[in-house]
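Let's walk through this fold together, one piece at a time. Keep the viewer open and follow along.

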Amino acid sequence: GVGLNMFFKPYTIAPGGLSGLSLVISKFTGLSVSTIMLLIGIPLLVFSIKILGKKDAIKTFIGMVILSGILEITTISVTQDVLLSAISGAILLGIGLGIVFSVDGSTGGTDLIALMVNRVIPSLPVSKCLTIIDGMVVLSAGIANGNIETGLYSAIALYIIVKVIDAIISGFDYSKAFMIITEDRDELKEAIVNDIKRGVTILDGKGGYTNNDKSILLVVVNNKKQEVSLKKLIKKVDPSAFIIVSDVHEVLGEGFKSIAA
């Protein structure tokens, strides 16, 4: 609510979604954003009860009412810089939506429209439908303001929102996955378990060029110090090892975050 009212509304920055659509319609009609969100959102929610289920529909309705209430009491513009407004509002919106999605909630917005369109046209994926709808909202923001820059600021805000939502849902934990192809399996495994204090999963492999049997050690580390130490350890034990290092967004299980969480 704060992101929408204090940062987006003064400049009609509309980064997709029902909230963005409501901002654009508000610019044309003069009606409050909260009123428009309820006028569009409630009928949409009624039509989508079968998709959401009764429990989630009630949660979505409560969220819509609370958001509309917050929009009524947060009416102060805090900056005159449009780019700063786009970035700050997007961060706040991304955090809010990330929390909603992480508890399996729904914003009751264009995601419901996308789900209903997908039911009618199964060949059109929900993700593509959402992209089309959000793209149209971003474009309409520029038309509403009579300024293409507003559409560009809206696109920047949409990008930031998506990235912040991903970060909230995936978590901020630092994790790297190592796939180590080695011929010194036992020595390297013992060194990793004893020195780095990390578990190891051993996979069997075969060299495509040499046809020699090889072992693949899969190791996940959860901080920069372990990453550096593991690289030094591999170099010491098996300098000819082949290593693939990749970013890991989330690790669940023993030694990391609980699966139940």
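Strand β1 is mostly covered, with five of its seven residues buried; buried here means under 20% relative accessible area, exposed means over 50%, and partly exposed is in between, using a 1.4 Å probe and protein chains only. Strands are DSSP runs of E with at least two residues, helices are runs of H or I with at least four, and both are numbered from the N terminus. Bear in mind that this is a predicted model, where local features need pLDDT of at least 70 and side-chain atom pairs count only at pLDDT 80 or more, while totals for chains, interfaces and linings use all residues. Residues are numbered from 1 along each chain as its sequence is written, and side-chain values use heavy atoms, leaving out hydrogens and water.

So what does β1 sit next to? Strand β1 (residues 176–182) is joined to β3 by seven bridges, and the two run antiparallel. Two strands count as paired if DSSP finds at least two bridges between them. Within that pairing, Ile180 has Leu217 of β3 as its bridge partner. With β4, β1 pairs over six bridges, again in the antiparallel sense, and here Ala177 stands opposite Ser246 in β4.

Put together, that gives an open sheet of four strands in the order β2-β3-β1-β4, with antiparallel pairing. At the edges are β2 (201–206) and β4 (242–247), each pairing on one side only. Neighbouring strands in this sheet are turned by 20° against each other on average, ignoring direction; angles run from 0 to 180 degrees between N-to-C directions, and axes are lines fitted to C-alpha atoms, for helices over the stretch in contact.

Two helices pack on the sheet. Helix α10 (residues 185–196) touches β1, β2 and β3, and its direction makes about 10° with that of β3. Helix α11 (residues 224–237) touches β1, β3 and β4, with its direction at about 5° to that of β1.

Now zoom in on a couple of residues. Ser215 lies in strand β3 (residues 213–221) and is buried, at a relative accessible area of 10%. Not counting residues up to four places away in sequence, Ser215 touches Ile180, Ile181, Thr182, Arg185 and Leu203, where contact means heavy atoms within 4.5 Å.

Over in the loop between α11 and β4 you'll find Asp238. Is Asp238 buried or exposed? Asp238 counts as buried, because its relative accessibility is 5%. Leaving aside neighbours within four places in sequence, Asp238 is in contact with Thr182, Glu183 and Asp184. Take Glu183: it is 55 residues from Asp238 in sequence, yet 8.0 Å away in space, C-alpha to C-alpha.

Next, look at a helix pair. The axes of α2 (residues 17–29) and α3 (residues 33–47) come within 9 Å and cross at roughly 120°. That makes α2 and α3 oblique to each other; under 35 degrees would be roughly parallel, over 145 roughly antiparallel, 65 to 115 roughly perpendicular, and the rest is oblique. Among the residues meeting here are Leu18, Leu21 and Ile25 in α2, and Val33, Ile36 and Met37 in α3.

Finally, step back: the protein has 11 helices and four strands. Of its 261 residues, 37% count as buried. Among contacts with a separation of 6 or more, 69% are between residues 24 or more positions apart.
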